[in-house]
Amino acid sequence: MNDERMAALVELERKVRWLSTWMIHHANHVRPNDDGLKVGGHQASSASLSTIMTALYFAALHPEDRIAVKPHASPVFHAIQYLFGNQTRERLENFRGYKGAQSYPSRTKDADDVDFSTGSVGLGVAQTLFSSLTQDYLTAKGWAGDAGKGKMVALLGDAEMDEGNIFEALLEGWKHDVRNTWWVVDYNRQSLDAVVREGLWERFEAIFRNFGWDVVILKYGSLQQQAFKEPGGEELRRWIDECPNQLYSALTFQGGAAWRKRLMDEIGDQGPVSRLIERRSDEELAALMSNLAGHDLPALLEAFEAARKHDRPVCFIAYTVKGYGLPLAGHKDNHAGLMTPGQLETLRTSLPIRSGHEWEPFEGVKDAQALRDFLKQVPFNAKGPRRKSAPAIAVPESLEVEIAGSMSTQQGFGLLMHAISKRDDAFADRVVTTSPDVTVSTNLGAWVNRRGLYAREEMADVFKAERIPSTFTWNFAPSGQHMELGIAEMNLFLMLSALGLSHSLFGERLLPVGTLYDPFIERGLDALNYACYQDARFIIAGTPSGVTLAPEGGAHQSIATPLIGMAQDGLASFEPAFVDELATIMRFAFDYLQRDGEGEPDETSWLRDAVGGSVYLRMSTRSIEQPRRSIDERLAEDMVNGAYWLRKPGPNAQTIIAYTGAVAPEAIEAVGLLAEARRDVGLLAVTSADRLNAGWNAAQRAREEGLVHARSHVERLLGDVPSHCGIVTVLDGHPATLAWLGSVCGHRTRSLGVEHFGQTGTIADLYRHYGIDAQGILRAAAALTPGRPVRHLRQIAV
Ligand SMILES: Cc1ncc(C[n+]2csc(CCOP(=O)(O)OP(=O)(O)O)c2C)c(N)n1
Ligand SMILES: [Mg+2]
């Protein structure tokens, strides 16, 4: 790198540090929050990464690289994009405000080309690893083109390494021979609360090397390296190496005079080193001591350039100072620290930036035109914003399978996937499945037998080669379409998040389907939420679920997942009871996950169906009798919108039973037994409490805003039901899932479901235990709506 370019980078680093500091100051002092809360946590964390991010974005990165930025370095990211011309001043002035630049980089809410959202620490880091795997998957299929060698880069805090999901990802990455991932640890030796433990870098180094990564330790900046060559330099280096983190931070905070006193006290009697120290002014001494490699552009650029020469994953441990270049530098309490107006004034005049010109991108630089020219040729931004798209893959008109007399939804799912595997079209080729060690037990076996497992290198199934009979062929090849994962569910959701962003990151559409045992959604929940927040698109199949998995073990029963499905933004949740419903919903799901229209509500369901999203299917291993019927367009639409009448209530109905999922036989039985004692009983099959509820909320909002004719699907279904009629709701999950149905048109409602878990037994035992069997439903119905005694209701022995 020639001197001119280096000079430009030095200026840009100062601009980035200034703009990010000013942005946060402005958010607090010029545009204070109504509630008086201060925006802490950004100034010191941002300054820590300002040099590394300058080196990366303005020199080392290529346009095909993708970056996850440490959450609290968001202002640095926005400042860089502002200098590139990709971010507006208005949004910066409105940092952390409504529709302003986001506090943490956000793919969905920011407008300045964010690659990966971050915020919940650890997740963005692992996301880069899974994106590397996705890039390799596309390369193996011949879909990646020349851009298939991008570096997936995470900039992470040293305390972020505490998050377990990072280690889970490392192990998975090793199994899949991950390439082209770079993690840059901002080793400022500070977390939110305090200073981190001594010698952490040694643990990190050993861990990364163990997983097959290169480790590059960036400790001494070029000033330090030069000083070490002077007489006495080795003594100074030894002192630096032995200095505890706390003390180094404290001295950094105190500045030149404190450094001098300490160094002279401890090593000043050693002739040459005292002269080395004495030759420098206080200011020069402070600059030397804080010249760690993470703040040294030449050292950083050299390291990034060297790493670009190969595709091995690299962990850079870059020593930095939290609050570098600011008066907050090094103080252990600086995470929430904010510079005072006085301190900011001093910084402003030192740069120098004129009052009233704080936002100007080229204020205070020596040669604005030269810097503009430099920015124009920066490789990373040369081709403009890097967000891609891919056309939708046509989904077959219908997905069909042979439906047996009695089946479970999980079985149906396996058959549907098998049917897809036999297709010879782009749709089937773009499906990619993944599962955390439950591939076979969630019924993906037939799909995998046909489409194979994915690996960078071919690996034959030894059992097959040895002619040992086995139901499943476990062949790995680059052409395979199943990503086998270890048990960690966090990894499943991060894998889905990466695969599900393929169209946007790599310009190639994938249709990802992940399976897991339903209760373990909770294990990976933050990663699922993260994937949805990034607008990744995928289908998850949670199976088996509820207490219906009965003898499988009480500890595996899921109660809360239907509520998670309803509450999770960006995820449409379904719980079909029958296989023909599942086929209808899965067809919809493959289409829905490819949509990206604007958010105008659908006129019939009042759902934001044009926008699309991900889909969750909650399923069961319980084999139940299947209806013999053909599904017309109208019925299919109702199933997708969330409910249909399995038995329409008559005009004088006294009771309605609304059920979801595997308890369908109990609901059907209860309707039959109730028929003698209650008139016109109706049976409502709820396939998606989530979509029914969302449509209802949207229609209410629309009416409140003046669209008086807005009616949602559930309002139309229940609109004609007499007001004296009671509703009994039932599902194998938390009763609150359907309890709101009574509020739609003001029907009294009793909601049955499961509130406790952990007891094993047969399905019959457990349904009886929780009162979701036919008798439980009858009891609820009898108590809810007065009328003739229900003959079939057995007395409960007291
Ligand atoms: C999952 C999660 N837990 C807690 C937090 C709150 N938090 C934000 S930053 C931080 C500490 C970060 O320390 P480090 O990663 O070293 O970054 P630095 O502050 O040094 O820049 C914590 C605990 C979070 N963002 N995400
Ligand atoms: Mg830190």
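Here is a chat about how to read a few features of this predicted model.

Colleague: Let's start with the whole thing. How many helices and strands does the protein have?

Modeller: The secondary structure comes to 33 helices and 20 strands. Keep in mind that this is a predicted model.

Colleague: What share of the residues counts as buried?

Modeller: Buried means under 20% relative accessible area. By that cut-off, 60% of the 798 residues are buried. The accessible surface comes to about 31800 Å², and 50% of that belongs to carbon and sulfur atoms.

Colleague: What about contacts between residues that are at least 6 apart in sequence?

Modeller: For those, look at the separation along the chain: 76% of them join residues at least 24 apart.

Colleague: Now the metal. Which residues are the protein donors of the magnesium ion (ligand 2)?

Modeller: For a metal site, list the donor atoms, then their distances and their spacing in sequence. Here the donors are Asp158 (OD), Asn188 (OD1) and Gln190 (O), lying 1.9 to 2.2 Å from the ion. Along the sequence, the donor residues are spaced D-x29-N-x1-Q.

Colleague: Are Asn188 and Gln190 buried or exposed?

Modeller: Asn188 counts as buried because its relative accessibility is 5%. Gln190 is buried too, with a relative accessible area of 3%.

Colleague: Next, the backbone. Where are the cis peptide bonds that involve Pro352 and Pro544?

Modeller: Omega is the angle to check. One cis bond joins Leu351 and Pro352, with omega about -15 degrees, and Pro352 sits in the loop between helix H15 (341-350) and helix H16 (368-376). Another joins Thr543 and Pro544, with omega about -5 degrees. Pro544 is in the loop between strand E12 (539-542) and helix H24 (561-567).

Colleague: Last one: what is phi at Asp177 and at Asn443?

Modeller: Asp177 is not a glycine, yet its phi is positive, about 55 degrees. You'll find Asp177 in the loop between helix H6 (164-175) and strand E3 (181-187), and it is partly exposed at 32% relative accessible area. Asn443, also not a glycine, has a positive phi of about 75 degrees. Asn443 lies in the loop between strand E7 (431-436) and helix H19 (445-451), and its relative accessible area of 27% makes it partly exposed.

Technical notes:
Residues numbered from 1 in each chain as written. Chains lettered and ligands numbered in written order. Predicted model: local features only at pLDDT ≥ 70, side-chain atom pairs only at ≥ 80, totals over all residues. Heavy atoms only, no water. Helix = DSSP H or I, 4+ residues; strand = E, 2+ residues; numbered from the N terminus. Buried < 20%, exposed > 50% of the residue type's maximum accessible area, 1.4 Å probe, protein only. Contact = heavy atoms within 4.5 Å. Areas by Shrake-Rupley, 256 points an atom, 1.4 Å probe, with all protein chains shown as cover. Donors = N, O, S within 2.8 Å, 3.2 Å for Na, K, Ca; no water.
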